[in-house]
Amino acid sequence: MKAGSAGPRKSGRKNRPEHLVVIGNGMATIRLVEELVRREGPHQVTVIGEESGPAYNRILLSALLEGSHPESELRLRSASWYADNGMTLLTGSRVARIDRDARVVRLADHRAVPYDRLVLATGSVPALPPIRGLVAPRGDLSARVHAFRSMSDCQALMRALPSARRAVVIGGGLLGLQVARALGVRGLEVDLVEAAPHLLASHIGEPAGAVLRRSLEQLGCEVYPQTRAVRLTEEGLLLDTGYLLRADLFVLTAGARPAISLATAAGLFARRGVVVDDTLTTVTDERIHAIGDCAEHRGRTGGFVAPAWEQAAVLAARLCGADDLYQGSRVVARLRASDLQVAVLGEPERTAGEVVEVANPIRGSYRKLVVRDGVVEAAVLLGDLSRVGLLTQLYDRRTVLGEGEPGQLILGERPPGEGSLRLPDDVEVCACAGVSAGRIRACADLSAVITTTRATTGCGGCAGVVAALLSSGQMRPAESAIAGP
Ligand SMILES: Cc1cc2nc3c(=O)[nH]c(=O)nc-3n(C[C@H](O)[C@H](O)[C@H](O)COP(=O)(O)OP(=O)(O)OC[C@H]3O[C@@H](n4cnc5c(N)ncnc54)[C@H](O)[C@@H]3O)c2cc1C
């Protein structure tokens, strides 16, 4: 991504500034409007969000559920921030229709908001697995069934906790693992049902899945892989094995799909997501853009905050007159859950190359590199992420490794209490916001890190490394040794 190749363009239009309307007030939008403010964008901006409260860090919902973060720490920008920056924020307002001919969005409460340029940032919606009894006759989820996508989902689940003893989590992807772990930390007995043969099947292979399952079971969560839930009854959740899981609450974490219904109803071309080109403009209407989870670029949809933020930054630059292009993001998936360390670079199960791997289920560690022509094309780290910074650097730079290096990279346990890692200035520390160790070192304290780089404000997986870098003060990079996360 090329950032800021053109300076801010002051509002000098003859008639009036262009009215930019953004649908959705989620994580992509926050980055977009922050960048517009930073660049002094020439727009009149209206943000329309369906959720009732201010914008928040969706990634930290599982931390809120777990009890490690209070709700106040999730808040991103208050309503007054939008007003202070000359923007209009409509919360609790669902856009029901886009009228492209009239260039107006129509809200569910019948208000109409005209636009010159429109950004779709509607995110994703939870997938509803085909389980009979999930949905009550009036069309809502049954009382004991919870989705986990929004603040209100999380609050509803938290209200149900005091009277619950057992929970079933349906879906063993990143979100399912986070929720299962959070409920376990809250003291519930948790079962996790996964239709695929192993956990995290869209990111890791069977051997890694087996190590992860062992780790999760050691933390008290029973895992049912290769099992489909078929029916929810008064007694519990019936599995296709004939087994019945009794529980007080059931959480759906069986995936999500881009929220495209608004776009398709308006005649915008969508496949899995709303199709955009490298300028993040829909291929149907040059006045309409799409970013974040709802967008499909070069055949790929996101589902992670890093691409959403990269897209938001590119689009903000373009809206302010720059000619930046979005050319895709690399995939770095990190699990955010207590006592479970998982990082996946690229797509290890779909990438061709020579595989170097080592597993130690007893310590819950697993490492795998997919190497082609000496270059790390993909990687998995479970249990011990002390090498994630170094690996990310090699992966990003496509460094050609010597014959013995891949083996050295993944061999050897990190002895407890040891395992320091020297991070040169240019090693990436925060994958969500793309921030290097040098930029962190240049900050005086955590608040400067947050305001100037946004590190730690995404998945938060870099918080430990950032703290260690800050506490290493002004040491020269070569001297600073920081503990791995
Ligand atoms: C619990 C959880 C944990 C996650 N953990 C991670 C993680 O660890 N790492 C990671 O990289 N990613 C994670 N993600 C994914 C990450 O949150 C998303 O990739 C990111 O939020 C995408 O931003 P977005 O703005 O596209 O969508 P969202 O943040 O989902 O925002 C979309 C907003 O649009 C609103 N909206 C939709 N339709 C309308 C309409 N018609 N009218 C008005 N408003 C509308 C929605 O209500 C929502 O507020 C997690 C997601 C969840 C739910």
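Buried means under 20% relative accessible area, exposed over 50%, and partly exposed in between, with a 1.4 Å probe and protein chains only. Helices (H or I, at least four residues) and strands (E, at least two) are DSSP runs, numbered from the N terminus.

This is a predicted model, in which local features need pLDDT of at least 70, side-chain atom pairs count only at pLDDT 80 or more, and totals for chains, interfaces and linings use all residues. Residues are numbered from 1 along each chain as its sequence is written, and side-chain values use heavy atoms, with hydrogens and water left out.

Strand β16 spans residues 249-252. Both of its faces are covered. On one side, L249 and V251 are buried; on the other, F250 and L252 are buried. In a regular strand, side chains alternate between the two faces of the sheet.

Two strands pair if DSSP finds at least two bridges between them. Strand β9 (residues 145-147) pairs with β16 in the parallel sense, over three bridges. Strand β10 (residues 166-170) also runs parallel to β16, with four bridges. Which residue of β16 is the bridge partner of A147? That partner is L252. L252 is the bridge partner of I170 as well.

**Helix α8**

Helix α8 covers residues 305-319. Its 15 residues reach 21 Å from the first C-alpha to the last. That is close to the 21 Å expected at 1.5 Å a residue; the expected span is 1.5 Å times one less than the number of residues. The helix is mostly covered, with 13 of its 15 residues buried. Just after α8, G321 takes a positive phi of about 105°.

Q311 lies in this helix. Is Q311 buried or exposed? Its relative accessible area is 6%, so Q311 is buried. Contact means heavy atoms within 4.5 Å. Not counting residues up to four places away in sequence, Q311 touches L280, I291, G292, A295 and Y326.

**Aromatic pairs**

Rings of Phe, Tyr and Trp (its six-membered ring) pair if their centres lie within 6.5 Å; planes under 30 degrees apart count as stacked, over 60 as edge-to-face and the rest as tilted. A search of the whole structure finds two such pairs.

| Pair | Geometry | Centre to centre | Angle between planes |
|---|---|---|---|
| W81 and Y82 | edge-to-face | 5.3 Å | 85° |
| Y224 and Y243 | tilted | 5.9 Å | 35° |

Y224 sits in strand β12 (residues 221-224), and Y243 in the loop between β14 (237-239) and β15 (244-245), so this pair ties together parts that are 19 residues apart in sequence. Y224 is buried, at 18% relative accessible area. Y243 is partly exposed, at 47%. Y82 is buried at 0%.

A196 is in the loop between β11 (189-193) and α6 (206-218). At 19% relative accessibility, A196 counts as buried. A196 and Y224 are 28 residues apart along the chain, and their C-alpha atoms are separated by 9.7 Å. With neighbours within four places in sequence left aside, A196 contacts A201, P225 and Q226.

**Ligand surroundings**

A residue is near a molecule or strand if one of its heavy atoms lies within 4 Å of it. There are 29 residues around the ligand. Those that come nearest are A28, E51, R58, D293 and V305.

A polar contact is a pair of N or O atoms within 3.5 Å; within protein, one must be able to donate a hydrogen and the other to accept it, and residues adjacent in sequence count only if both atoms are side-chain atoms. A polar backbone atom of A28 is 2.8 Å from an oxygen atom of the ligand. R58 uses its side chain: an N or O atom there is 2.9 Å from a ligand oxygen. For G303, a backbone N or O atom lies 3.5 Å from an oxygen atom of the ligand.

**T452 in helix α12**

T452 is found in helix α12 (residues 446-453). It is exposed, at 52% relative accessibility. Its side chain reaches the backbone oxygen of A448 at 2.6 Å. Beyond its neighbours within four places in sequence, T452 is in contact with R439 and C443. T452 and L74 are 378 residues apart in sequence and 18 Å apart in space, C-alpha to C-alpha.
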